[in-house]
Every structure is written in C-alpha cells, then in structure tokens.
Amino acid sequence: MKWSTQDVARYKEAASYVDTVIVPLMPVDFGEDMKSKAAMGEYVNLMTDELERQFHGRVLQLPPFTYMVTAEGEQAVLRLKQWHETAVEAGKQHVIYLTADSSWKKYEEELTGTLLWLPLLPVEDLDPKLKRKTISDQIEQILPIIMEEWKKSPQ
Amino acid sequence: MSEKNHNVSRRQFLTYTLTGVGGFMAAGMLMPMVRMAVDPVLDAAAEGDMNYLVEFDELGEEPIRRELTYEADDGWYESEQIETIYVYRDGDDVVALSAVCTHLGCTVSWEGSEDYPEMFYCPCHFGLYERDGTNVEGTPPTEPLHRYEYEIRDGAVYVGQSEPQ
Ligand code: FES
C-alpha cells in the first residue's frame, strides 16, 4: 500500500495483514556525481513502485528516506535506525530498504532491518517497453528474497 | 493608538476572516459541481477503451501471464498504470483474469507455489484460487478473481474493464 490517503485508510482497516514496511533510500548531493545520484533515486523509485504492486496487500511503502551523502555520513544511519524503531513500535515485523547507493553497504551490519542493494541499471534512456521489461526482470529476482524473509516469521 | 483606529483595524480583521470562511464555503459548494461536470467524461473514456492483450493463436489451456500498460490521467498527473492478467482458452471462449488478489490486492501467480499445482497462489497471505478464478475456501480471499470483458478482432484478443465474477 502506498503513502496516500486512500491506501492509508485501507491500511488502517487491515493493519495486521500489513506486516512489512518498504523504504526507498534516496541520496541527494551536489558536485561531481549529482547525476548518478539522481539516477539511483529514479531507479530505486521505479523498483519500489513495482515491488509495491506485487505485494500491495502486505507492504506499506513509505515516502523515500532522503539523505545528504557527503554532509551527513553516520548521521543518516542514525536517522534510518529511528525510522526502523518507529515501524517496529507500530508492530511491523519486517522493514526493508531499497537502495542503489553502495555506500550503505559498509553500514549493513550496523543497520536494523533488511538492506536490499540493487545494482544500478541505466534504464533512463531505454524505450518504455524495454524499461518495463528490465524492471520486471529485476523484480523477479527480489521477490523470492522477500518471500524468504517472510518465512522466518509466518503470519 | 487612537480608539478609532483600533476599531477600524478590528473591522478589517473581521472582514478578512469572513471572506476567508466564505471562500471556503464557496469552494465546498463548487467542488461537487466540478466533479459532476468532469466525472462522466472520465468514466466514458475508461469504459469505452479496449486494449490489445494477446494474439488468439498464442492461447492454450494453460493460463499465460501478460501485462497491460496504459496511461491514466487523474486530472493532475498522467501516470502509467500496469495490470497483470492471466489469459487462456476455454473451448471457443477466452478467459482473462485479473491477477489482483481480491483479499488485499497483491499480485497472484499461476502455480506460484509448488505445493499447489494448477492453482493461482497469492504470496502475501497464501490465498488460493482455482483455474477459473474461484477462491478456495479457508484462504483469505472471499470472492473470485475479477474477469475482463473481451472481444476478438482480426485474430487478436482485446480486453476492457475487469468485473467481479
Ligand atoms: S492479499 Fe492475497 S491473500 Fe491477502
């Protein structure tokens, strides 16, 4: 379910069925890699939307977690932990982050929740059909990982 | 500050406030009218559209998965909508089912679980449906998968809206 008035109303009625929160991680930066950061954000957004479509009834898709790559450093990790804590307090069992930014990898141990690192594919210049196909193929790889995660604590 | 000045400014304040509230009320009255004017157009556009799905020749008895993409316009944004559909042949008839689970809307897959061959399986809360879309009792869904109206033109299958069966 999405972070929209319509879906949130639905979520409220079915909260116990929706045990998973998904959060796209979105880097913001000026400087050299500005464009690649934008590409990461775009790609992760597309992937998160598709994941939400597949698992609509069991996941709540939060708005992107945005962070300033160079300025924030560790601070972003702490903030993200706060998000996790809040979700857990609300009774959510699984918190999943989607990112194409490899700088999160070094914090993986430290992070609470599950980090799904998606290698960035340059989809922005593809024609819509091929773009769609690429996203579906990538999602096919992700679905089993999440279904495995769910098995750890079946409803 | 003189008494007079003070009064004037208070009156002004009241005037502004009233305009504010009045404005709000006017918006409240206008909204339904705009909706009434716009809605029929939107509905007509949605209902009339038939979208190409698949060649009739490609169909067999085994449900195959297809994705339908179309542009939806809610008045602000044009966004790409995607629908996943399972389609197969049943004699001369075509069965096109929406893959949206009727429980809470996850996407189901045909034979999505090894434990349940020949069935649609929902990974979210383990909902099950028969080949014709009938929900299996004892699993969360309480109604069958929705079915699309279809039409065949020049050997191709076109689908319209999906409806509860
Ligand atoms: S959404 Fe399919 S069983 Fe709940």
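1. The model is predicted: local features need pLDDT of at least 70, side-chain atom pairs count only at pLDDT 80 or more, and totals for chains, interfaces and linings use all residues. Residues are numbered from 1 along each chain as its sequence is written, chains are lettered from A and ligands numbered from 1 in the order in which they are written, and side-chain values use heavy atoms, without hydrogens and water.

2. The largest pocket holds about 2100 Å³ of space. Its lining comprises 49 residues, and Tyr70(B), Ala72(B), Glu80(B), Gln81(B) and Ile82(B) are the closest to its centre. Strand 3 (78–90) of chain B supplies the largest share of this lining, seven residues. A pocket here is an open set of points on a 1 Å grid over the protein atoms alone where a 1.4 Å probe fits, with protein on both sides within 12 Å along at least five of seven lines; lining residues have an atom within 4 Å of a point. The volume is the space filled by probe spheres set on the points, which are joined across faces, edges and corners.

3. The second largest pocket has a volume of about 440 Å³. Among its 14 lining residues, Lys129(A), Arg132(A), Lys133(A), Glu67(B) and Thr69(B) lie nearest its centre. Helix 5 of chain A gives the largest share, seven residues; helices (H or I, at least four residues) and strands (E, at least two) are DSSP runs, numbered from the N terminus.

4. His56(A) lies in the loop between helix 2 (34–54) and strand 2 (59–61) of chain A. His56(A) is buried, at 14% relative accessible area (buried: under 20%, 1.4 Å probe, protein chains only). Its contacts (heavy atoms within 4.5 Å), leaving aside residues up to four places away in sequence, include Met1(A), Asp7(A) and Leu104(B).

Notes:
Buried < 20%, exposed > 50% of the residue type's maximum accessible area, 1.4 Å probe, protein only.
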